[in-house]
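Dear colleague,

Please find below the structure that I am handing over to you, followed by an account of what was found in it. I would be grateful if you kept the structure open while reading.

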Amino acid sequence: MSDHHRDDHIRARVAGVIGLGSMGMGVALSLLRGGFRVIGCDEAPAKCMSLVTHGGEAAATPAELGRQVERVVILVATADQVESVLFGPNGIAATLPKGGCVVQSATVPAAYAADAGRRLADLGLLMLDAPVSGGPVKAAEGRMTVMASGPEEAFARAEDLLAAASGTLHRVGTEHGQGSVVKTINQLLAGVHIAASAEAMAFGIRAGVDPQRIYDVITSSAGNSWMFENRVPHILNGDYSPHSAVDIFVKDLGIVVDSARRMTFPTPLAATALQMFTMAASAGLGREDDAAVIKIFERLAGITLPQPNDNPEG
């Protein structure tokens, strides 16, 4: 292999990850396990250091990262943050080489995803509108679900990267924005299911039933949902350390109802769930686990929720 081809091969196995929160760090570690050289970027130096201790590298800014990679996964929290890391003063769009590929995996409005894709294309860059689902555990295991849309060339560019980072890749269309629409639908259901789970558990507790019994019955009955099964144990254990925070659903259900309003489409259940998460955030619970939405019933209905020492078996 000539030096030139060796350089190309080495460069092809490099990936950038911007946003090293629970999901982004999981992706970065999955890529490291997949044999990639991984360069991360995050505003928090401690998160960059954590990646370095796992065998990755760190870049100080997205612009600096763009000089070292041809492909990057973005997993920040909001559309404003995506805008900043792509097109801000230290954005990566200005430094990625022509033909470089952005895998945009943050949850953003579909209209924003479509716009970002157009602007990147104008700069000679490819983008996949590729939101993810599955939570931090599946991200860390390289088993998350990706719902992606974009041009065939972008899928081809990102194929090995997506294979290392995800368990299931759904190609939902060729237009930017379609992946984000599917993610919006997922978040509508996820948010409504968590809110409904909280309401149901609070109702049962107020009625005097042992919450563990409620959980045991519902998880083997037709009323179960993936979110009920996954989040209610946080309530039973009185442990609201955030896996995904209340604030995330204030944002994501906000995207649902804003997108629907632009389409003149009613979303009564999503709107109600959004109000419940907003109540929790306004009560100071925004940074707690999203299951903490049940605490609004503690205040409204005077129920007593399980405490950490109530369930020694955990």
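Helices, of at least four residues, and strands, of at least two, are DSSP runs numbered from the N terminus. Counted in this way, the protein contains 14 helices and nine strands. Please note that this is a predicted model.

Overall form

The radius of gyration of the protein is 21 Å, which agrees with the value near 20 Å that a compact globule of 314 residues would have. Along the principal axes, a box of roughly 75 × 45 × 35 Å holds the C-alpha atoms. Of the 314 residues, 50% are buried. Among contacts with a separation of 6 or more, 66% are between residues 24 or more positions apart.

The protein has an accessible surface of about 14,600 Å², and carbon and sulfur atoms account for 57% of this surface. As to charge, there are 25 positive and 33 negative charges, and their mean positions lie 2 Å apart.

Aromatic pairs

A pair of aromatic rings is described by the distance of the centres and the angle of the planes. The protein has two aromatic pairs. In one of them, the ring centres of Tyr-215 and Phe-228 are 6.0 Å apart and the planes meet at 10°; the pair is therefore stacked, since planes under 30 degrees apart count as such. Tyr-215 belongs to helix H10 (residues 211-218) and Phe-228 to helix H11 (residues 226-236), so this pair ties together parts that are 13 residues apart in sequence. Both Tyr-215 and Phe-228 are buried.

The rings of Phe-249 and Phe-277 have centres 5.3 Å apart and planes at 25°, so this pair is stacked. Here distant parts of the chain are linked: Phe-249 is in helix H12 (residues 246-262) and Phe-277 in helix H13 (residues 268-285), 28 residues apart. Phe-249 counts as buried because its relative accessibility is 2%, where the cut-off for a buried residue is under 20%. Phe-277 is buried as well, with a relative accessible area of 0%.

Which residues does Ala-113 contact beyond its neighbours within four places in sequence? They are Val-108, Met-127, Asp-129, His-176, Gly-177 and Ser-180. Ala-113 itself is part of helix H6 (residues 110-122), and its relative accessibility of 1% makes it buried. Between the C-alpha atoms of Ala-113 and Val-146, which are 33 residues apart along the chain, the separation is 15 Å.

Is Ala-163 buried or exposed? Its relative accessibility is 56%, so Ala-163 counts as exposed. Ala-163 is located in helix H8 (residues 152-165).

Two loop positions

Most residues other than glycine have a negative phi. Thr-264, although not a glycine, has a positive phi of about 50°. This threonine is placed in the loop between H12 and H13. With a relative accessibility of 73%, Thr-264 counts as exposed, the cut-off for that class being over 50%.

Ala-292 sits in the loop between H13 and helix H14 (295-301). Its relative accessible area is 0%, so Ala-292 is buried. Leaving out residues up to four places away in sequence, Ala-292 touches Tyr-240, Val-246 and Leu-285. Ala-292 and Ile-235 are 57 residues apart in sequence, while their C-alpha atoms are 7.5 Å apart in space.

To view these sites in turn, you might begin with the stacked rings of Phe-249 and Phe-277, continue to Thr-264 in the loop between H12 and H13, and end at the buried Ala-292.

With kind regards

Methods:
Residues are numbered from 1 along each chain as its sequence is written. This is a predicted model: local features need pLDDT of at least 70, side-chain atom pairs count only at pLDDT 80 or more; totals for chains, interfaces and linings use all residues. Side-chain values use heavy atoms; hydrogens and water are left out. The radius of gyration is taken over C-alpha atoms; the globule rule is 2.2 Å times the number of residues to the power 0.38. Buried means under 20% relative accessible area, exposed over 50%, partly exposed in between (1.4 Å probe, protein chains only). Contact means heavy atoms within 4.5 Å. Accessible areas come from the Shrake-Rupley method with a 1.4 Å probe; for residues, only the protein chains shown count as cover. Lys and Arg count as positive and Asp and Glu as negative; His and the chain ends are not counted. The place of a charge is taken as NZ of Lys, CZ of Arg, CG of Asp or CD of Glu. Rings of Phe, Tyr and Trp (its six-membered ring) pair if their centres lie within 6.5 Å; planes under 30 degrees apart count as stacked, over 60 as edge-to-face and the rest as tilted.
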